[in-house]
Amino acid sequence: MFVQQFLEFLFGERLWGILADSFWKILLPGLTVTIPLTVIAFSLAMVIAVAAALVQFARVPVASQLCRFYIWVARGTPLLVQLFVVFFGLPRVGIRIDPFPAAIIVFSLNEGAYCAEIVRAALESVPSGQLEAGACAGMSYLQTMRRIVLPQAMRTAFPSLSNSLIAMVKDTSLASNITVAEMFMAARTIVAATWEPLALYIEVGLIYLLFSTVLTWFQRLGERRLSVYGNQEG
């Protein structure tokens with residue numbers, strides 16, 4: 001009985017009609033909301049990460065401790081809770097932020113904390129002699145960091161940062177909880193109308209998988225090019 005019901009479900013014309021009709025309704029928010037949200041938030045996260053990593057690497061008084069506190073809070077609390085605090089909590093103190101900007105703020109701050117640790121570790125992996133070499137060449141500390149140390153560190157951090165980007169694409173599904181009309185929210189709306197949760201949630205999962213696969217391909221391409229560049233430099 002179970003097998004018969006499963007086969008009827010799998011090969012039913014109604015199901016495939018729903019999936020065909022819903023595909024573009026789910027993909028379009030992915031292209032217009034999920035991807036822009038990821039790109040903007042990750043770009044801001046990288047700015048935060050590099051700044052926080054450089055401050056910690058240089059052991060700037062006070063600022064270094066503030067960065068550690070920010071990273072501790074951002075990494076130690078759930079992303080969903082952070083979204084709720086910003087979108088639902090801040091209006092209690094008179095700060096109202098629209099869903100999409102709220103999601104950008106939370107995702108960039110959250111991801112910035114994780115990426116800051118990746119970049120910091122990459123900076124510390126660069127031999128200390130590189131700083132001395134820059135000083136011997138007449139460069140200032142900032143020039144040495146910008147021209148010598150940071151480029152090497154970013155090449156080391158590239159695979160981990162790419163993984164963080166792929167993870168962020170999937171994490172954007174949490175933005176549906178604060179009414180951002182991204183892919184997962186579109187899928188939930190269609191499920192409510194069609195009562196086909198299994199097929200539709202699998203479909204949206206496959207679309208996320210498609211996005212992640214494309215990013216993984218770009219990651220491997222970038223790693224190969226960086227490897228060639230590193231060998232030529234060496």
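Trainee: Where is Ile 97 found?

Mentor: This is a predicted model, in which local features need pLDDT of at least 70 and side-chain atom pairs count only at pLDDT 80 or more, while totals for chains, interfaces and linings use all residues. Residues are numbered from 1 along each chain as its sequence is written, and side-chain values use heavy atoms, with hydrogens and water left out. Helices (DSSP runs of H or I, at least four residues) are numbered from the N terminus. On that numbering, the place of Ile 97 is the loop between α4 and α5.

Trainee: Which residues does Ile 97 touch, not counting residues up to four places away in sequence?

Mentor: Contact means heavy atoms within 4.5 Å. With residues up to four places away in sequence not counted, Ile 97 touches Val 86, Phe 87, Leu 90, Ala 102 and Ile 105.

Trainee: What separates the C-alpha atoms of Ile 97 and Gly 134?

Mentor: Along the chain, Ile 97 and Gly 134 are 37 residues apart.

Trainee: In which helix is confidence highest?

Mentor: The predictor's confidence in each residue is its pLDDT, on a scale from 0 to 100. The chain averages 88, and 91% of the residues score at least 70. Confidence is lowest in helix α1 (residues 2-11), at a mean of 49, whereas the highest, at 97, belongs to α4.

Trainee: Why do the buried residues of α4 line one face of the helix?

Mentor: Buried means under 20% relative accessible area, exposed over 50%, and partly exposed in between, with a 1.4 Å probe and protein chains only. In α4 (residues 79-89), the buried residues are Leu 79, Gln 82, Leu 83, Val 86 and Phe 87. They line one face because, seen down the axis of α4, they fall within an arc (taken from the directions from the helix axis to the C-beta atoms) of 110°.

Trainee: Against which helices do the buried residues of α4 pack?

Mentor: The packing is judged by the contacts defined above. The buried residues of α4 have as partners α3 (63-76), α5 (99-125) and α7 (141-171).

Trainee: Which exposed residues does α3 carry on the face turned away from its buried side?

Mentor: The buried residues of α3 are Ser 64, Cys 67, Ile 71 and Ala 74. They cover an arc of only 95° around the axis, and so they sit on the same side of α3. The face turned away from that side carries the exposed residues Gln 65, Leu 66, Phe 69, Trp 72 and Gly 76.

Trainee: Is Ser 64 buried or exposed?

Mentor: Ser 64 belongs to helix α3. Leaving aside neighbours within four places in sequence, Ser 64 is in contact with Val 55, Gln 56 and Arg 59. With a relative accessible area of 10%, Ser 64 is buried.

Trainee: What kind of aromatic pair do Phe 69 and Trp 72 form?

Mentor: Rings of Phe, Tyr and Trp (its six-membered ring) pair if their centres lie within 6.5 Å; planes under 30 degrees apart count as stacked, over 60 as edge-to-face and the rest as tilted. The structure holds six aromatic pairs. Phe 69 and Trp 72 lie 5.7 Å centre to centre with 50° between the planes, and their pair is tilted.

Trainee: What kind of aromatic pair do Phe 87 and Phe 88 form?

Mentor: At 16% relative accessibility Phe 87 counts as buried, whereas Phe 88, at 43%, counts as partly exposed. Their rings are 4.9 Å apart centre to centre, with 80° between the planes, and the pair is edge-to-face.

Trainee: What is the phi of Trp 195?

Mentor: Trp 195 is in the loop between α8 and α9 (197-233), and at 72% relative accessibility it counts as exposed. Although Trp 195 is not a glycine, its phi is positive, at about 55°.

Note on methods:
Helices (H or I, at least four residues) and strands (E, at least two) are DSSP runs, numbered from the N terminus.
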